[in-house]
Amino acid sequence: MEVADGARPRVLVVGAGLAGLGAAQRLSSSRAFPHLRLLESTGRAGGRVCSQRFGSEVVEMGAHWIHGPSKENPVFQLASDYGLLDEEAMSEENQQIEVGGHPLLPAVFYSSAGRVLSPELVEGVRNLFSTLLDQTREFLHVPQVSVPSVGEYLRKEIAQQVKEWTDDDETKWLKLAVLNTYFKLECCVSGTHSMDHVALGPFGEYAMLPGLDCTFPGGYGGLPDCMLTSLPKESVLFHKPVTVVRWGGSYREESQEGRTFPVQVECEDGERFLADHVIITVPLGFLKEHHETFIDPPLPPRKADAIRQLGFGTNNKIFLEFEQPFWPPDCQLIEVVWEDESPLVEAGTDLQASWFRKLIVFLVLQPPERYGHVLCGFIAGKESEYMETLSDAAVLTALTDVIRRLTGNPHLAPPKKVMRSQWHSAPYTRGSYSYVAVGSSGDDIDALAQPLPEDAADPRPQQVLFAGEATHRTFYSTTHGALLSGWREADRLLSLYDTSESHQHKPRL
Ligand SMILES: Cc1cc2nc3c(=O)[nH]c(=O)nc-3n(C[C@H](O)[C@H](O)[C@H](O)COP(=O)(O)OP(=O)(O)OC[C@H]3O[C@@H](n4cnc5c(N)ncnc54)[C@H](O)[C@@H]3O)c2cc1C
């Protein structure tokens with residue numbers, strides 16, 4: 001028997017990042033869900049995918065690469081279907097390359113003593129670090145690990161290795177300083193203040209896909225824009241921050257006698273929406289700050305613990321435009337080595353005096369014919385959060401001093417323009433991405449992803465569902481993890497109502 005449209009379930013999606021858009025796109029392609037609303041707090045779609053103009057070009061304030069662009073990667077597939085990628089990225093050859101993380105770009109290592117370090121020295125240290133890092137992924141099924149964190153494991157191993165080094169003292173210190181650079185780089189990758197915060201046991205659970213990381217020639221933001229266009233226009237409401245999600249109730253609309261809804265969502269402006277189901281895709285950073293008041297009745301203890309225990313740190317970008325490059329023409333990556341630092345010596349904690357030391361790498365935006373001479377610096381952790389509190393002028397002055405010191409040229413012209421992300425201050429994000437922190441595990445990710453009511457014996461259909469990168473056990477912190485999590489929750493609803501459509505994986509373009 002045909003169900004009348006009015007009787008069909010109402011679904012709300014909170015957040016228009018890739019998880020929310022993915023969920024909405026999949027649901028809107030099914031006849032079972034004509035009553036779909038997407039509520040977004042800000043004035044744009046994309047969330048942590050955020051392309052912005054920097055002069056005449058577009059740069060990425062959030063996600064930059066498709067990590068592992070190959071068949072299994074849904075972001076790659078969707079972007080290819082929309083025609084957003086260039087031929088090289090889509091080539092079979094590109095898809096088959098396995099780099100196990102970030103691609104190796106031609107790099108120059110500048111040191112705080114104003115010199116360029118020898119590629120041989122750097123290569124040896126890089127090989128050592130990457131071997132040790134590979135080892136940290138082997139503890140997944142080990143019942144008891146000797147140290148709790150990736151950082152502590154790495155330092156323990158390095159301390160052992162140093163004893164066997166036969167180099168002179170200066171070379172030893174320099175090698176340790178380069179190792180420290182790699183620690184800071186890993187902080188950017190994991191979006192954490194220190195690798196001592198990243199849990200060792202579950203570290204190997206993060207999965208990497210084949211394919212040489214690629215970018216969007218027209219900006220990553222083209223992807224959420226295309227996804228948004230495919231949704232019914234009236235279904236997406238911007239500037240609608242949700243303040244509370246009430247569930248387990250029996251809410252009635254004045255106009256609709258007889259029908260009650262278990263979910264009521266209230267926005268900052270007081271407007272209320274009733275629904276049968278709500279898919280929450282807000283970032284873990286937002287949940288950490290607000291979960292106690294955001295969800296009513298409050299989350300079960302297991303879920304609240306997961307929110308507290310999982311990690312959500314900050315990684316920011318600082319774009320600098322120069323009149324003339326100070327780096328060699330073929331250089332695509334500038335790495336910074338502070339010669340007085342070592343992973344075996346505790347770092348200073350005076351943020352004001354030394355925040356800029358955490359900015360550890362600059363990507364040279366390619367190609368120069370298009371971007372001019374633009375560097376994208378990466379900075380993670382508390383130093384990154386401190387940087388957010390400074391003015392553009394203060395950031396520019398500090399980084400000019402750093403670059404003059406690195407190049408040994410006290411007269412080097414300052415960058416002519418600066419722009420940076422401020423993900424920790426962003427009220428609806430409160431950081432950059434999630435990681436599995438010491439004291440948590442992949443089980444916490446699964447607990448976070450569990451819909452409410454949680455009890456399998458509860459006869460009520462699931463009312464509150466959770467998506468977002470932090471709910472994907474193996475692809476957390478990525479755009480593909482976010483998109484897959486949105487599809488997962490849409491499929492959960494599709495299977496509740498219309499099993500024949502739940503496995504139809506092709507979204508409506
Ligand atoms: C600096 C940086 C670099 C990155 N680089 C990469 C990369 O190169 N490759 C990669 O794969 N990933 C990268 N990521 C991670 C990637 O961007 C995210 O994992 C992914 O975009 C998250 O999508 P999401 O839908 O889960 O969350 P979001 O994109 O954060 O979407 C959540 C949405 O919810 C909205 N919201 C929040 N609170 C409310 C509320 N109360 N009411 C209504 N709406 C609300 C937000 O405004 C937002 O639009 C990067 C992230 C950052 C910050």
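Visitor: Is Leu 344 buried, partly exposed or exposed, and why?

Guide: This is a predicted model. A residue is called partly exposed when its relative accessible area falls between the 20% limit for buried and the 50% limit for exposed. Leu 344 is partly exposed because its relative accessible area is 38%. Leu 344 sits in the loop between strand E16 (333-337) and helix H11 (351-354).

Visitor: Which residues form a nonpolar patch on the surface with Leu 344?

Guide: The patch consists of Trp 173, Leu 344 and Val 345, and together they have about 300 Å² of accessible area.

Visitor: How many residues of helix H1 are buried?

Guide: A general idea comes first. Residues three or four places apart in an α-helix point the same way, because there are 3.6 residues a turn. In helix H1 (residues 18-28), 11 of the 11 residues are buried, including Leu 18, Gln 25 and Arg 26. Among the elements that these buried residues pack against are strand E1 (10-14), helix H8 (222-229) and helix H16 (479-497).

Visitor: Into which domains is the protein divided, and where do their centres lie?

Guide: Domain 1 comprises 9-48 + 75-85 + 216-311 + 435-501, and domain 2 comprises 107-211 + 315-420. Their C-alpha centres lie 35 Å apart. The contact takes 15 residues from domain 1 and 15 residues from domain 2. Between them the two domains bury about 1200 Å², of which 58% is on carbon and sulfur atoms.

Visitor: What is the count of salt bridges between domain 1 and domain 2?

Guide: The count is 1 salt bridge.

How values were computed: Residues are numbered from 1 along each chain as its sequence is written. This is a predicted model: local features need pLDDT of at least 70, side-chain atom pairs count only at pLDDT 80 or more; totals for chains, interfaces and linings use all residues. Side-chain values use heavy atoms; hydrogens and water are left out. Patches are made of residues with over 30% relative accessible area and no salt bridge: like charges are joined within 9 Å, nonpolar side chains (Val, Leu, Ile, Met, Phe, Trp, Tyr) within 5 Å. Accessible areas come from the Shrake-Rupley method with a 1.4 Å probe; for residues, only the protein chains shown count as cover. A salt bridge is a side-chain nitrogen of Lys or Arg within 4 Å of a carboxyl oxygen of Asp or Glu. Helices (H or I, at least four residues) and strands (E, at least two) are DSSP runs, numbered from the N terminus. Buried means under 20% relative accessible area, exposed over 50%, partly exposed in between (1.4 Å probe, protein chains only). Domain bounds come from an automatic or database domain assignment. Contact means heavy atoms within 4.5 Å. Buried area is the accessible area (1.4 Å probe) that two parts lose on being put together, summed over both.
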